[in-house]
Amino acid sequence: MKKLIFLLVIAVVFITCNEQKTSELAQGDWQGQLEVISGDKLPFNFNLLKEANGSYTMEIYNASEVIKVDEITIKGDSIRIQTPVFEGYIVGKFSQKGIKGNFIKESLDRVVPFEAFYGGKERFTVDKPPVINVSGIWETEFSQGTSNSYMAKGIFAENGGKVTGTFRTTTGDYRYLEGVVTGDSLKLSAFDGAHAFLFLAKVTDSTLNGMFYSDKHFQEPFVAKRNESFELPDADSITFLKEGYNKLAFSFPDTEGNMVSLTDKKFQNKVVLVQIMGSWCPNCLDETKFYVNYLKENKLEDLEMVALAFESAKSKELAFKNINRLKERIGVNYPILLAQYGTYDKIKAQEKLPMLNKVLSYPTTIFIDKKGNVRKIHTGFNGPATGEKYTRFEKEFDTYVKMLMKE
(Lines give C-alpha, C1' and ligand atoms only; values in the text may rest on other atoms or scores of the structure.)
Protein backbone atom coordinates (compact mmCIF):
# COMPACT_ATOMS: atom_id res chain seq x y z
CA MET A 1 0.00 0.00 0.00
CA LYS A 2 2.82 2.41 0.95
CA LYS A 3 4.47 1.69 -2.38
CA LEU A 4 1.21 2.44 -4.23
CA ILE A 5 0.75 5.75 -2.36
CA PHE A 6 4.37 6.66 -3.12
CA LEU A 7 3.81 5.99 -6.83
CA LEU A 8 0.59 8.04 -6.80
CA VAL A 9 2.40 10.96 -5.14
CA ILE A 10 5.17 10.77 -7.74
CA ALA A 11 2.53 10.74 -10.51
CA VAL A 12 0.73 13.77 -9.05
CA VAL A 13 4.00 15.67 -8.73
CA PHE A 14 4.92 14.75 -12.31
CA ILE A 15 1.53 15.89 -13.64
CA THR A 16 1.65 19.08 -11.56
CA CYS A 17 5.12 19.91 -12.83
CA ASN A 18 3.95 19.36 -16.41
CA GLU A 19 0.93 21.62 -15.81
CA GLN A 20 3.21 24.29 -14.38
CA LYS A 21 5.45 24.03 -17.42
CA THR A 22 2.56 24.42 -19.86
CA SER A 23 1.29 27.47 -17.96
CA GLU A 24 4.56 29.36 -18.47
CA LEU A 25 5.26 31.44 -21.56
CA ALA A 26 8.80 32.41 -22.49
CA GLN A 27 9.50 36.07 -21.82
CA GLY A 28 11.09 38.28 -24.44
CA ASP A 29 10.81 38.75 -28.19
CA TRP A 30 8.13 36.88 -30.17
CA GLN A 31 6.87 36.98 -33.73
CA GLY A 32 3.18 36.70 -34.50
CA GLN A 33 1.84 35.61 -37.89
CA LEU A 34 -1.66 36.03 -39.31
CA GLU A 35 -2.77 34.25 -42.47
CA VAL A 36 -4.10 36.47 -45.27
CA ILE A 37 -6.51 35.50 -48.04
CA SER A 38 -3.70 34.35 -50.39
CA GLY A 39 -2.21 32.05 -47.77
CA ASP A 40 0.76 34.39 -47.24
CA LYS A 41 1.82 35.17 -43.67
CA LEU A 42 1.43 38.65 -42.19
CA PRO A 43 4.16 39.01 -39.54
CA PHE A 44 4.39 41.36 -36.58
CA ASN A 45 6.67 41.56 -33.57
CA PHE A 46 5.80 41.66 -29.90
CA ASN A 47 7.45 41.38 -26.51
CA LEU A 48 5.96 39.28 -23.71
CA LEU A 49 6.62 39.96 -20.04
CA LYS A 50 5.41 38.25 -16.85
CA GLU A 51 4.56 40.69 -14.08
CA ALA A 52 5.26 40.19 -10.37
CA ASN A 53 1.60 39.25 -9.78
CA GLY A 54 1.86 36.40 -12.31
CA SER A 55 -0.08 38.09 -15.10
CA TYR A 56 1.33 38.66 -18.58
CA THR A 57 1.59 41.89 -20.55
CA MET A 58 2.51 42.39 -24.19
CA GLU A 59 3.89 45.17 -26.36
CA ILE A 60 3.10 45.00 -30.09
CA TYR A 61 5.52 46.87 -32.38
CA ASN A 62 4.81 48.52 -35.73
CA ALA A 63 7.72 50.80 -36.70
CA SER A 64 7.72 53.49 -33.96
CA GLU A 65 4.28 52.50 -32.67
CA VAL A 66 4.08 50.57 -29.40
CA ILE A 67 0.71 49.03 -28.45
CA LYS A 68 0.44 47.91 -24.84
CA VAL A 69 -1.77 44.88 -24.12
CA ASP A 70 -2.67 44.18 -20.50
CA GLU A 71 -5.69 41.88 -20.84
CA ILE A 72 -4.20 38.40 -21.23
CA THR A 73 -6.06 35.48 -19.67
CA ILE A 74 -4.53 32.02 -19.21
CA LYS A 75 -6.31 28.84 -18.16
CA GLY A 76 -4.41 25.58 -18.41
CA ASP A 77 -2.85 25.63 -21.86
CA SER A 78 -5.44 28.07 -23.27
CA ILE A 79 -4.75 31.75 -23.80
CA ARG A 80 -6.95 34.74 -24.65
CA ILE A 81 -5.34 38.03 -25.66
CA GLN A 82 -7.78 40.96 -25.76
CA THR A 83 -6.48 43.79 -27.91
CA PRO A 84 -6.70 47.26 -26.32
CA VAL A 85 -9.82 49.35 -27.02
CA PHE A 86 -10.93 47.24 -29.99
CA GLU A 87 -13.20 44.18 -29.83
CA GLY A 88 -10.78 41.83 -31.61
CA TYR A 89 -9.03 39.13 -29.62
CA ILE A 90 -6.61 36.23 -30.08
CA VAL A 91 -7.55 32.86 -28.62
CA GLY A 92 -5.61 29.62 -28.81
CA LYS A 93 -3.46 26.94 -27.22
CA PHE A 94 0.11 27.56 -26.12
CA SER A 95 3.34 25.93 -25.10
CA GLN A 96 6.36 27.66 -23.61
CA LYS A 97 7.59 28.90 -26.98
CA GLY A 98 4.56 28.76 -29.23
CA ILE A 99 0.94 29.87 -29.58
CA LYS A 100 -1.55 28.61 -32.17
CA GLY A 101 -5.12 29.79 -32.59
CA ASN A 102 -7.18 32.52 -34.24
CA PHE A 103 -7.64 36.28 -34.31
CA ILE A 104 -11.39 36.87 -33.99
CA LYS A 105 -13.69 39.83 -34.63
CA GLU A 106 -17.14 38.59 -33.65
CA SER A 107 -19.23 41.48 -34.96
CA LEU A 108 -17.85 40.90 -38.46
CA ASP A 109 -17.83 37.08 -38.21
CA ARG A 110 -14.12 37.07 -39.03
CA VAL A 111 -11.73 34.33 -37.93
CA VAL A 112 -8.09 34.64 -39.00
CA PRO A 113 -5.56 31.83 -38.32
CA PHE A 114 -2.80 32.96 -35.95
CA GLU A 115 0.54 31.54 -34.84
CA ALA A 116 3.35 32.95 -32.71
CA PHE A 117 6.93 31.82 -32.06
CA TYR A 118 9.34 32.76 -29.31
CA GLY A 119 12.61 34.37 -30.36
CA GLY A 120 11.35 36.08 -33.52
CA LYS A 121 13.24 39.35 -33.85
CA GLU A 122 13.14 40.01 -37.58
CA ARG A 123 9.77 40.90 -39.11
CA PHE A 124 10.63 39.60 -42.58
CA THR A 125 13.47 37.39 -43.79
CA VAL A 126 15.98 39.25 -45.95
CA ASP A 127 17.71 36.78 -48.26
CA LYS A 128 18.96 39.22 -50.93
CA PRO A 129 20.38 42.77 -50.80
CA PRO A 130 17.86 45.42 -51.92
CA VAL A 131 18.06 46.38 -55.58
CA ILE A 132 16.68 49.87 -54.85
CA ASN A 133 16.06 52.34 -52.05
CA VAL A 134 12.32 53.10 -51.87
CA SER A 135 12.66 56.24 -49.74
CA GLY A 136 10.50 59.09 -50.99
CA ILE A 137 6.98 59.86 -52.23
CA TRP A 138 5.00 57.42 -54.38
CA GLU A 139 1.87 58.35 -56.34
CA THR A 140 -0.24 55.25 -55.78
CA GLU A 141 -3.49 53.91 -57.22
CA PHE A 142 -5.39 51.03 -55.66
CA SER A 143 -7.76 48.87 -57.77
CA GLN A 144 -6.64 50.66 -60.93
CA GLY A 145 -9.09 50.51 -63.83
CA THR A 146 -12.11 49.61 -61.67
CA SER A 147 -15.02 51.58 -60.24
CA ASN A 148 -13.45 51.12 -56.81
CA SER A 149 -10.12 52.77 -57.67
CA TYR A 150 -8.70 55.42 -55.34
CA MET A 151 -5.49 57.35 -55.00
CA ALA A 152 -2.98 57.26 -52.17
CA LYS A 153 0.32 58.85 -51.29
CA GLY A 154 3.05 56.41 -50.31
CA ILE A 155 5.54 57.95 -47.88
CA PHE A 156 8.54 55.74 -47.12
CA ALA A 157 11.98 55.87 -45.57
CA GLU A 158 14.50 53.06 -46.05
CA ASN A 159 17.61 52.48 -44.02
CA GLY A 160 19.77 49.43 -44.62
CA GLY A 161 16.93 47.55 -46.27
CA LYS A 162 14.47 48.25 -43.44
CA VAL A 163 11.45 50.29 -44.55
CA THR A 164 8.98 52.35 -42.52
CA GLY A 165 6.17 54.63 -43.62
CA THR A 166 2.54 54.51 -44.69
CA PHE A 167 0.04 55.08 -47.47
CA ARG A 168 -2.08 58.21 -47.01
CA THR A 169 -5.52 58.32 -48.63
CA THR A 170 -8.32 60.88 -48.63
CA THR A 171 -9.91 58.98 -45.74
CA GLY A 172 -6.85 58.44 -43.54
CA ASP A 173 -3.69 56.37 -43.47
CA TYR A 174 -2.74 52.70 -43.45
CA ARG A 175 -1.11 52.86 -40.04
CA TYR A 176 2.53 52.39 -39.07
CA LEU A 177 3.88 50.09 -41.76
CA GLU A 178 7.18 48.30 -41.24
CA GLY A 179 9.07 45.95 -43.50
CA VAL A 180 11.97 45.37 -45.86
CA VAL A 181 13.20 45.39 -49.40
CA THR A 182 14.75 42.04 -50.23
CA GLY A 183 16.04 41.81 -53.78
CA ASP A 184 13.29 43.37 -55.91
CA SER A 185 10.50 42.67 -53.38
CA LEU A 186 8.95 45.18 -50.99
CA LYS A 187 7.22 43.66 -47.95
CA LEU A 188 5.31 45.76 -45.39
CA SER A 189 2.93 44.85 -42.57
CA ALA A 190 1.03 46.25 -39.59
CA PHE A 191 -1.17 44.77 -36.87
CA ASP A 192 -2.80 47.11 -34.37
CA GLY A 193 -5.45 44.93 -32.75
CA ALA A 194 -8.17 45.95 -35.19
CA HIS A 195 -6.71 45.83 -38.69
CA ALA A 196 -4.08 43.49 -40.11
CA PHE A 197 -2.38 44.87 -43.23
CA LEU A 198 0.11 43.23 -45.58
CA PHE A 199 1.59 44.88 -48.69
CA LEU A 200 3.69 42.84 -51.13
CA ALA A 201 5.15 44.45 -54.26
CA LYS A 202 7.77 44.11 -56.97
CA VAL A 203 9.93 47.23 -57.22
CA THR A 204 11.98 49.00 -59.81
CA ASP A 205 13.75 52.34 -59.45
CA SER A 206 10.54 54.17 -60.38
CA THR A 207 7.59 51.78 -59.94
CA LEU A 208 5.81 49.54 -57.45
CA ASN A 209 3.44 46.80 -58.57
CA GLY A 210 1.82 44.83 -55.82
CA MET A 211 -1.08 43.51 -53.76
CA PHE A 212 -2.65 44.78 -50.55
CA TYR A 213 -4.16 42.26 -48.12
CA SER A 214 -6.43 43.04 -45.18
CA ASP A 215 -6.33 39.93 -42.94
CA LYS A 216 -8.24 37.03 -44.52
CA HIS A 217 -11.22 38.86 -46.00
CA PHE A 218 -9.94 41.32 -48.60
CA GLN A 219 -7.27 41.95 -51.20
CA GLU A 220 -6.70 44.50 -53.98
CA PRO A 221 -3.89 45.37 -56.39
CA PHE A 222 -1.97 48.64 -56.36
CA VAL A 223 0.51 50.37 -58.63
CA ALA A 224 2.76 53.32 -57.82
CA LYS A 225 5.31 55.61 -59.42
CA ARG A 226 7.81 58.00 -57.88
CA ASN A 227 6.44 61.53 -57.70
CA GLU A 228 7.90 63.84 -55.06
CA SER A 229 5.34 66.58 -55.85
CA PHE A 230 2.23 64.38 -55.62
CA GLU A 231 -0.53 65.52 -53.27
CA LEU A 232 -4.01 64.26 -52.44
CA PRO A 233 -7.16 66.40 -52.68
CA ASP A 234 -7.76 68.85 -49.84
CA ALA A 235 -9.38 66.97 -46.94
CA ASP A 236 -11.60 70.00 -46.24
CA SER A 237 -13.29 69.93 -49.66
CA ILE A 238 -14.44 66.32 -50.08
CA THR A 239 -17.44 66.16 -47.74
CA PHE A 240 -19.92 69.04 -47.67
CA LEU A 241 -23.51 70.04 -46.94
CA LYS A 242 -26.02 69.60 -49.72
CA GLU A 243 -27.38 72.71 -51.38
CA GLY A 244 -29.99 74.39 -49.22
CA TYR A 245 -28.47 73.29 -45.91
CA ASN A 246 -26.18 75.26 -43.62
CA LYS A 247 -26.80 73.36 -40.38
CA LEU A 248 -26.33 69.84 -39.06
CA ALA A 249 -29.16 68.10 -37.20
CA PHE A 250 -29.37 64.80 -35.31
CA SER A 251 -30.76 63.19 -32.17
CA PHE A 252 -29.03 60.04 -30.87
CA PRO A 253 -28.69 58.37 -27.43
CA ASP A 254 -25.62 58.66 -25.25
CA THR A 255 -24.21 55.82 -23.16
CA GLU A 256 -26.71 56.55 -20.37
CA GLY A 257 -29.73 56.48 -22.67
CA ASN A 258 -30.24 60.23 -22.89
CA MET A 259 -31.16 61.64 -26.30
CA VAL A 260 -28.67 64.32 -27.33
CA SER A 261 -29.20 66.95 -30.02
CA LEU A 262 -27.39 70.07 -31.20
CA THR A 263 -30.40 72.06 -30.02
CA ASP A 264 -29.51 71.15 -26.41
CA LYS A 265 -28.60 74.06 -24.17
CA LYS A 266 -24.99 72.95 -23.66
CA PHE A 267 -24.23 73.48 -27.36
CA GLN A 268 -25.84 76.89 -27.73
CA ASN A 269 -23.58 79.87 -28.55
CA LYS A 270 -20.53 77.62 -28.59
CA VAL A 271 -18.15 76.26 -31.16
CA VAL A 272 -19.04 72.57 -31.60
CA LEU A 273 -16.95 69.80 -33.16
CA VAL A 274 -18.93 66.75 -34.29
CA GLN A 275 -16.81 63.64 -34.79
CA ILE A 276 -18.15 60.87 -37.04
CA MET A 277 -16.37 57.71 -35.90
CA GLY A 278 -16.52 54.12 -34.67
CA SER A 279 -14.94 52.31 -31.72
CA TRP A 280 -13.60 49.69 -34.19
CA CYS A 281 -11.63 52.21 -36.27
CA PRO A 282 -7.84 52.71 -35.68
CA ASN A 283 -7.75 56.11 -37.44
CA CYS A 284 -10.69 57.16 -35.26
CA LEU A 285 -8.68 56.04 -32.23
CA ASP A 286 -5.74 58.21 -33.31
CA GLU A 287 -8.08 61.16 -33.80
CA THR A 288 -9.85 60.54 -30.48
CA LYS A 289 -6.52 60.49 -28.63
CA PHE A 290 -5.65 63.80 -30.30
CA TYR A 291 -8.97 65.37 -29.24
CA VAL A 292 -8.72 64.06 -25.67
CA ASN A 293 -5.22 65.56 -25.32
CA TYR A 294 -6.23 68.82 -27.01
CA LEU A 295 -9.21 69.35 -24.69
CA LYS A 296 -7.05 68.52 -21.68
CA GLU A 297 -4.34 71.00 -22.67
CA ASN A 298 -6.71 73.75 -23.83
CA LYS A 299 -9.40 74.65 -21.30
CA LEU A 300 -11.78 76.36 -23.74
CA GLU A 301 -15.15 77.11 -22.15
CA ASP A 302 -16.86 77.95 -25.44
CA LEU A 303 -15.82 74.70 -27.17
CA GLU A 304 -17.89 71.51 -27.07
CA MET A 305 -17.32 68.13 -28.68
CA VAL A 306 -19.71 65.30 -29.43
CA ALA A 307 -19.04 62.05 -31.29
CA LEU A 308 -21.45 60.03 -33.42
CA ALA A 309 -20.52 56.34 -33.35
CA PHE A 310 -21.39 54.00 -36.21
CA GLU A 311 -20.82 50.55 -34.76
CA SER A 312 -20.42 47.08 -36.28
CA ALA A 313 -21.61 45.36 -33.09
CA LYS A 314 -24.66 43.17 -33.65
CA SER A 315 -26.74 44.58 -30.77
CA LYS A 316 -27.27 47.94 -29.11
CA GLU A 317 -25.94 46.53 -25.84
CA LEU A 318 -22.69 45.35 -27.43
CA ALA A 319 -22.32 48.65 -29.28
CA PHE A 320 -22.59 50.63 -26.04
CA LYS A 321 -20.18 48.18 -24.36
CA ASN A 322 -17.59 48.89 -27.08
CA ILE A 323 -18.17 52.66 -26.79
CA ASN A 324 -17.76 52.57 -23.01
CA ARG A 325 -14.59 50.50 -23.38
CA LEU A 326 -13.15 53.17 -25.70
CA LYS A 327 -14.15 55.97 -23.30
CA GLU A 328 -12.61 54.23 -20.29
CA ARG A 329 -9.36 53.14 -21.96
CA ILE A 330 -8.65 56.49 -23.64
CA GLY A 331 -10.23 58.82 -21.07
CA VAL A 332 -12.81 60.38 -23.40
CA ASN A 333 -14.66 63.11 -21.51
CA TYR A 334 -17.06 64.20 -24.24
CA PRO A 335 -20.29 62.37 -25.15
CA ILE A 336 -20.20 59.55 -27.68
CA LEU A 337 -23.65 58.91 -29.13
CA LEU A 338 -24.78 55.70 -30.78
CA ALA A 339 -25.84 56.70 -34.29
CA GLN A 340 -26.03 53.20 -35.77
CA TYR A 341 -25.25 49.60 -34.86
CA GLY A 342 -25.09 46.32 -36.78
CA THR A 343 -23.10 47.88 -39.62
CA TYR A 344 -20.82 50.80 -40.38
CA ASP A 345 -21.92 50.87 -44.01
CA LYS A 346 -21.32 54.44 -45.23
CA ILE A 347 -24.45 54.60 -47.37
CA LYS A 348 -26.59 53.77 -44.35
CA ALA A 349 -24.58 56.23 -42.27
CA GLN A 350 -25.34 59.00 -44.77
CA GLU A 351 -29.06 58.20 -44.36
CA LYS A 352 -28.71 59.17 -40.69
CA LEU A 353 -27.17 62.50 -41.72
CA PRO A 354 -29.06 63.31 -44.96
CA MET A 355 -27.79 66.90 -45.12
CA LEU A 356 -24.29 65.59 -46.02
CA ASN A 357 -23.38 64.83 -49.63
CA LYS A 358 -21.95 61.52 -48.36
CA VAL A 359 -20.16 59.88 -45.46
CA LEU A 360 -16.87 59.07 -47.14
CA SER A 361 -14.67 58.33 -44.17
CA TYR A 362 -14.45 57.24 -40.57
CA PRO A 363 -13.42 59.55 -39.06
CA THR A 364 -14.84 62.84 -40.30
CA THR A 365 -15.06 66.02 -38.22
CA ILE A 366 -17.65 68.77 -38.70
CA PHE A 367 -16.79 72.27 -37.42
CA ILE A 368 -19.81 74.33 -36.29
CA ASP A 369 -19.59 78.01 -35.33
CA LYS A 370 -21.32 79.78 -32.44
CA LYS A 371 -24.36 80.54 -34.62
CA GLY A 372 -24.85 76.85 -35.39
CA ASN A 373 -23.60 77.05 -38.96
CA VAL A 374 -21.34 74.40 -40.45
CA ARG A 375 -18.09 76.12 -41.38
CA LYS A 376 -15.87 73.23 -42.41
CA ILE A 377 -15.93 69.45 -42.77
CA HIS A 378 -12.61 67.61 -42.49
CA THR A 379 -12.63 64.16 -44.09
CA GLY A 380 -10.37 61.45 -42.66
CA PHE A 381 -7.49 61.78 -40.24
CA ASN A 382 -3.80 61.57 -40.94
CA GLY A 383 -2.36 60.23 -37.72
CA PRO A 384 1.14 60.21 -36.22
CA ALA A 385 2.28 57.62 -38.79
CA THR A 386 2.16 60.36 -41.47
CA GLY A 387 4.87 62.40 -39.76
CA GLU A 388 5.05 65.97 -41.11
CA LYS A 389 1.42 65.87 -42.29
CA TYR A 390 0.24 65.13 -38.76
CA THR A 391 2.39 67.92 -37.30
CA ARG A 392 0.95 70.37 -39.79
CA PHE A 393 -2.59 69.21 -38.99
CA GLU A 394 -2.06 69.86 -35.27
CA LYS A 395 -1.11 73.50 -35.93
CA GLU A 396 -3.86 74.11 -38.50
CA PHE A 397 -6.50 72.58 -36.23
CA ASP A 398 -5.53 74.75 -33.27
CA THR A 399 -5.46 77.91 -35.40
CA TYR A 400 -8.88 77.24 -36.95
CA VAL A 401 -10.62 76.34 -33.66
CA LYS A 402 -9.29 79.46 -31.93
CA MET A 403 -10.35 81.59 -34.91
CA LEU A 404 -13.92 80.29 -34.55
CA MET A 405 -13.76 80.92 -30.81
CA LYS A 406 -12.96 84.60 -31.33
CA GLU A 407 -15.94 85.26 -33.61
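## Backbone features in loops

In the loop that runs between β8 (98-105) and β9 (110-118) sits aspartate 109, and this description, like the rest of the report, rests on a predicted model. The phi angle of aspartate 109 is near 55°, which is a positive value in a residue other than glycine. Because its relative accessible area is 60%, and over 50% counts as exposed, aspartate 109 is classed as exposed.

A positive phi is also found at arginine 175, where the angle is about 70° although the residue is not a glycine. Arginine 175 belongs to the loop between β13 and β14 (177-182). With a relative accessibility of 4%, and with under 20% as the limit for the class, arginine 175 therefore counts as buried. Another backbone feature is the cis peptide bond that joins tyrosine 362 and proline 363, for which omega is about 5°; proline 363 itself is placed in the loop between α4 (346-352) and β24 (364-368).

## The largest pocket

How much space lies in the largest pocket? The computed volume of the largest pocket is about 1200 Å³, and 37 residues line it, with Tyr150, Thr171, Tyr174, His195 and Lys346 lying nearest its centre. Two or more lining residues come from each of the elements β11 (150-159), β13 (172-173), β17 (207-214), β18 (218-226) and α2 (282-297). Of these contributions, the largest share is that of β18, which gives three residues to the lining.

By residue class, the lining of the largest pocket is made up of 15 nonpolar, 14 polar and eight charged residues.

Rolling a probe the size of a water molecule over the atoms shows where empty space is left.

## Packing of two helices

The crossing in which α2 passes α5 is right-handed.

Helix α5 is also the place of lysine 402, and because its relative accessibility is 31%, lysine 402 counts as partly exposed. From lysine 402 to glycine 383 the separation is 19 residues in sequence and 21 Å in space, taken C-alpha to C-alpha.

## A buried aspartate

The loop between β15 (185-191) and β16 (196-203) contains aspartate 192. Is this aspartate 192 buried or exposed? At a relative accessibility of 5%, where under 20% is the limit, aspartate 192 is counted as buried. Aspartate 192 and glutamate 287 are separated by 95 residues in sequence, while the distance between them in space is 15 Å, C-alpha to C-alpha.

Technical notes:
Residues are numbered from 1 along each chain as its sequence is written. This is a predicted model: local features need pLDDT of at least 70, side-chain atom pairs count only at pLDDT 80 or more; totals for chains, interfaces and linings use all residues. Side-chain values use heavy atoms; hydrogens and water are left out. On a 1 Å grid over the protein atoms alone, a cavity is a set of points where a 1.4 Å probe fits but cannot get out, and a pocket is an open set with protein on both sides within 12 Å along at least five of seven lines; lining residues have an atom within 4 Å of a point. Grid points are joined across faces, edges and corners, and a volume is the space filled by probe spheres set on the points. Helices (H or I, at least four residues) and strands (E, at least two) are DSSP runs, numbered from the N terminus. Ala, Val, Leu, Ile, Met, Phe, Trp, Tyr, Cys and Pro count as nonpolar, Asp, Glu, Lys and Arg as charged, and the others, Gly among them, as polar. Buried means under 20% relative accessible area, exposed over 50%, partly exposed in between (1.4 Å probe, protein chains only). A crossing is left-handed if the near helix is turned anticlockwise from the far one by less than a right angle, and right-handed if clockwise.
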